[in-house]
Structures are given as structure tokens and as C-alpha cells.
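Subject: Structure for you to look at

Hi,

Here is the structure I said I would pass on. Have a look around it, and then read my notes below.

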Amino acid sequence: MGFFDKLFGKEKKEEETMAKLNIGIILGSTREGRVSPQVGAWVKEIADKRGDANYTIIDIADYKLPLLGEEGGDASGAAAWSEIIAAQDGFVFIVQEYNHSITGALKNALDYLREEWNNKAAGIVSYGSVGGARAAEHLRGILGELLVADVRVHPALSLFTDFENGTDFKPAAVQEDSVNQMLDQLIPWSKALFTIR
């Protein structure tokens, strides 16, 4: 293979990589009355306007994931969970703060898998009384152990200013810019990490 074949072959592979980029928007709560579906839909709407990846909402509640290692639990959704996560090149985690950390459901879902998370990038969109900052920081430590590279920009939504009555999601206009800045970091990192998988 000649120099130009190698050069143009590499460019073609990179173009194919970009066309295949899949980003999963993971809803991190499963409880009744949760607001994460509203936040996830909002992030997806912003992301889809960019046209730079295929964005998919992934709802943990759609998968049967009993507590990891619990006897007699119905883990029939574990194979589908593994498959959907393996198919992603990067993630946006919608994270709500429960008792200064992430939800038990999200921690359990993260623990179910290992290699499916490895060498991928992630952005975090959090919410809570202090923007979900403490939950986001806990999540960063977990992602590091799973070899997921999390980006710096972190949209933090306040229950007091971005939600009406704590339930109806009405984000401040500035929050859309924050999501786009986070995605501006997530997409190139996802492309770069694709090359080492």
C-alpha cells in the first residue's frame, strides 16, 4: 500500500468513525415522580440540533437490574443493558443528587458492567439543591475506575431556579449554552477514544 493509499485510507476510516458515533443519554433515576425524563429529553433536543452524533435516551428503568449479586433477582434485562451500553461511543449522564451522591439505581447499573464502559467519554448534567454538584463529583470517581473519561464542562441545574415547584423543568436560557459547551468537549473525546478501542 502506497503513501497516498495509507493517507486517504486513514481519512476514510476517520470519516466512518464520525458517522458511527453514538452517544447515550443515561437517565440516572428510576423512582416514581422523577424528573430525569424531562431533563434527558431537553438535552437530546439540544444535542440533535448539532447533527454531530446519534443521540439516544437510555432509561435504566427500562432494564431489569436487581441489586448486583442479589439471590433470586430477575436479571433478565442485564444482557440488553450490556448490549446497549457496548453500542455507545460516549455518554451524557443525567444525574440527580440523593443524600449528597448519585442514586442507588445508577450505581447499581454502573456496577453491572465493566468492559462495556471502558475507553469511552462522558459528560454530566446534574440537578439538585446545589445543582447536583456533590453527586457529579461522586460519579466522576466511579467513572474513572471504569476507564470513562469525563469532560470538564458540567451543566448544573438548580431545583430552585431551573424547576417550577421542584417538578416542572423550565431551565434558564444560559443552561443551553452550558450543554453545548459540554458536548463540544464530549464529541472530540469520544472520537479520540474510539481509536483505542
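Which residues lie nearest the centre of the largest pocket? They are R31, V35, Y98, Y127 and L159, and the whole lining has 14 residues. Keep in mind as you look that this is a predicted model.

A bit more on that pocket: the space in it comes to about 180 Å³. As for the kinds of residue in its lining, you'll find 7 polar, 4 nonpolar and 3 charged.

Next, the aromatic rings. A pair of them is described by how far apart the centres are and by the angle of the planes. Searching the whole structure turns up 8 aromatic pairs. One of them is W42 with F169, where the centres are 5.1 Å apart and the planes sit at 80°, making the pair edge-to-face. W42 and F169 are both buried.

Now compare F91 and F93. Their ring centres are 5.8 Å apart and their planes are at 40°, which is why the pair counts as tilted: edge-to-face would need an angle over 60 degrees, and stacked one under 30. F91 and F93 are buried too.

Conventions: Residues numbered from 1 in each chain as written. Predicted model: local features only at pLDDT ≥ 70, side-chain atom pairs only at ≥ 80, totals over all residues. Heavy atoms only, no water. Phe/Tyr/Trp six-rings, centres within 6.5 Å; stacked < 30°, edge-to-face > 60°. Buried < 20%, exposed > 50% of the residue type's maximum accessible area, 1.4 Å probe, protein only. 1 Å grid on protein atoms, 1.4 Å probe; cavity = no way out; pocket = protein on both sides within 12 Å on 5 of 7 lines; lining within 4 Å. Points joined across faces, edges and corners; volume = space filled by probe spheres on them. Nonpolar A, V, L, I, M, F, W, Y, C, P; charged D, E, K, R; others polar.
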